[in-house]
Amino acid sequence: MSRDVLLFVAVFVACAVEGVEAVTIVLAAGLTRGWRSALAGTAAALVVLAGIVAVLGPALTALPIDTLRLVVGGLLLVFGLQWLRKAILRASGFKPLHDEDEVFTQELAAARAAGREPQAIDGYGFTLSFKGVLLEGLEVAFIAITFGSNQHNIGLAALAAGSAVVVVAAAGIAVHAPLSQVPENTLKFGVGVMLTTFGMFWGAEGAGAHWPGGDGAILALLAFTLATSLALVAALRRRHARRHLPPAAATS
Amino acid sequence: MRRLRALAKFFYDFVIGDDPTIAAVVVVALGLTGALEGAGEPAWWILPTAVVAVLGLSLYRAT
């Protein structure tokens with residue numbers, strides 16, 4: 001039961017983060033280039049995504065579970081550590097926060113600079129939406145398929161991914177502006193912690209290890225990863241503060 | 001050919017990301033886990049240890 005709840009939460013939050021990025025791009029394309037092209041690009045990307053998932057999904061579930069856990073656990077761990085690394089660098093001030101307002105403004109400026117073409121479907125708006133939805137959607141599909149197949153519960157993972165996309169899309173339609181209200185780096189930090197946790201758990205199981213406490217080890221790993229990450233944020237914040245001290249204060 | 005290269009770059013960025021050391025350490029740690037378990041020794045501690053080490057090292061180098 002707790003495994004199912006964790007699975008749902010992990011997939012939902014991870015997919016919501018990807019959804020925020022996709023919706024921001026579609027909004028920028030829609031507001032500048034027209035909704036027809038933006039929505040057509042979104043629809044085309046969703047069709048391509050459905051094809052990719054239809055091919056990859058059954059192929060993954062046909063693999064032996066230990067091989068699947070080893071490969072998927074390893075991939076999730078690499079993926080999760082990358083997210084965590086970036087989130088820690090942002091949280092400690094070494095990297096600018098990934099601000100959706102800024103992304104929205106950049107996409108808006110690029111879309112305006114490209115100029116509107118006199119045709120029913122605007123190529124730039126279509127491509128911008130298509131690219132954004134396809135790339136972010138691939139990440140959503142990757143997360144849902146890998147988490148779902150590992151837990152033998154693709155249905156629940158798909159439900160979590162679908163719910164996240166619907167919630168984020170509904171929020172995007174409601175606010176009709178970038179979703180900067182969502183604290184993106186906090187979400188990414190949380191997702192990095194969860195992906196790293198599941199990656200360690202499944203990767204080690206796939207390699208033949210047995211966790212003390214069985215499934216309960218997931219919670220211990222979650223606490224361990226969170227504590228390690230927070231400690232690293234604190235250490236890097238001190239390092240960042242030392243680097244940016246005024247000369248007088250630094251020498252005193 | 002250009003599309004294939006772009007696709008390969010996309011997957012490299014998607015999986016490997018900014019620091020290839022992370023992927024290398026994860027692969028080595030998984031291999032060590034398998035080898036140690038194969039020899040009958042408990043190896044569950046290797047991945048958590050590797051995570052702390054590689055994350056710390058990668059962040060240290062980035063700052």
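Is the crossing of helix 8 of chain A and helix 3 of chain B right-handed or left-handed? The crossing is right-handed, meaning that the near helix is turned clockwise from the far one by less than a right angle.

This is a predicted model, in which local features need pLDDT of at least 70, side-chain atom pairs count only at pLDDT 80 or more, and totals for chains, interfaces and linings use all residues. Residues are numbered from 1 along each chain as its sequence is written, with chains lettered from A and ligands numbered from 1 in the order in which they are written.

**View 1. Helix 8 of chain A against helix 3 of chain B.** Helices are DSSP runs of H or I, at least four residues; axes are lines fitted to C-alpha atoms over the stretch in contact, and angles run from 0 to 180 degrees between N-to-C directions.

**View 2. Residues of the helix contact.** Helix 8 of chain A gives A:L221, A:F224, A:T228, A:L232 and A:L236, and helix 3 of chain B gives B:P48, B:V52, B:L55, B:G56 and B:L59. Contact requires C-beta atoms, placed from the backbone, within 7 Å.

**View 3. The contact between chains A and B.** Chain B contributes 26 residues and chain A 28 residues. Helix 3 of chain B supplies the largest share of the chain B side, 10 residues.

**View 4. Confidence in chain A.**

Methods: Helices (H or I, at least four residues) and strands (E, at least two) are DSSP runs, numbered from the N terminus. Two residues are in contact if their C-beta atoms, placed from the backbone, lie within 7 Å. pLDDT is the predictor's confidence in each residue, from 0 to 100.
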